[in-house]
Amino acid sequence: MIDIILQLIYAFVGSFGFALLYNIKLKRILPCSLGGMLAWGVYLAINHLMHNLFFAVFLASAFASFYSEISARVLKAPTTIFTIPALIPLVPGSSLFYTMQNAVLNHWDNVSYYALETVTFIGAITLGLSIVSALFKMFTKKKTVE
């Protein structure tokens, strides 16, 4: 349980750092950081329940996109300032590092394993983000007067 709480804190701090890096206004930094923490929480919960990496990352990125769309409308800001920090905890940094490390060491069995994990993460993030974004654009399209 302590491990999960620490991971959520680290996700919050990582998202907070990227929000600062992107010069997001102070009143929006907390919602940005909270989005990253909640998205990581969704990932941990789904991965624990289903043990399916793709599905866990897909739902976590879909949640991050949904959270960003709602936050953008409530706080009257662009969606991207909430999306990017919310997705930071989901970026597959360690698997990408291990892919490159094993490639340099000529451990090709490990390269294929970590490369597949990296591509799975990236594909799930892209799919989750795209689907929710497209649905929001479809259902919130402004009606034009003819």
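Me: How many aromatic pairs does the rule give?
Reply: The model is predicted, so local features need pLDDT of at least 70, side-chain atom pairs count only at pLDDT 80 or more, and totals for chains, interfaces and linings use all residues. Residues are numbered from 1 along each chain as its sequence is written, and side-chain values use heavy atoms, without hydrogens and water. Rings of Phe, Tyr and Trp (its six-membered ring) pair if their centres lie within 6.5 Å; planes under 30 degrees apart are stacked, over 60 edge-to-face and the rest tilted. By this rule the count of aromatic pairs is ten.

Me: What is the angle between the planes of phenylalanine 12 and phenylalanine 16?
Reply: These two residues are four apart in helix H1, about one helical turn. Helices are DSSP runs (H or I, at least four residues), numbered from the N terminus. Phenylalanine 12 and phenylalanine 16 form a stacked pair, 6.4 Å centre to centre, and the angle between the planes is 20°.

Me: Is phenylalanine 58 buried or exposed?
Reply: Phenylalanine 58 and phenylalanine 54 lie four residues apart in helix H3. Buried means under 20% relative accessible area, exposed over 50%, and partly exposed in between (1.4 Å probe, protein chains only). At 35%, phenylalanine 54 is partly exposed. Phenylalanine 58 has a relative accessible area of 17% and is buried.

Me: Which residues of helix H4 are buried?
Reply: Helix H4 spans residues 80-87. Its buried residues are covered by elements including helix H1 (2-21), helix H2 (26-50), helix H3 (53-75) and helix H6 (108-139). The buried residues are Phe82, Thr83, Pro85, Ala86 and Leu87.

Conventions. Contact means heavy atoms within 4.5 Å.
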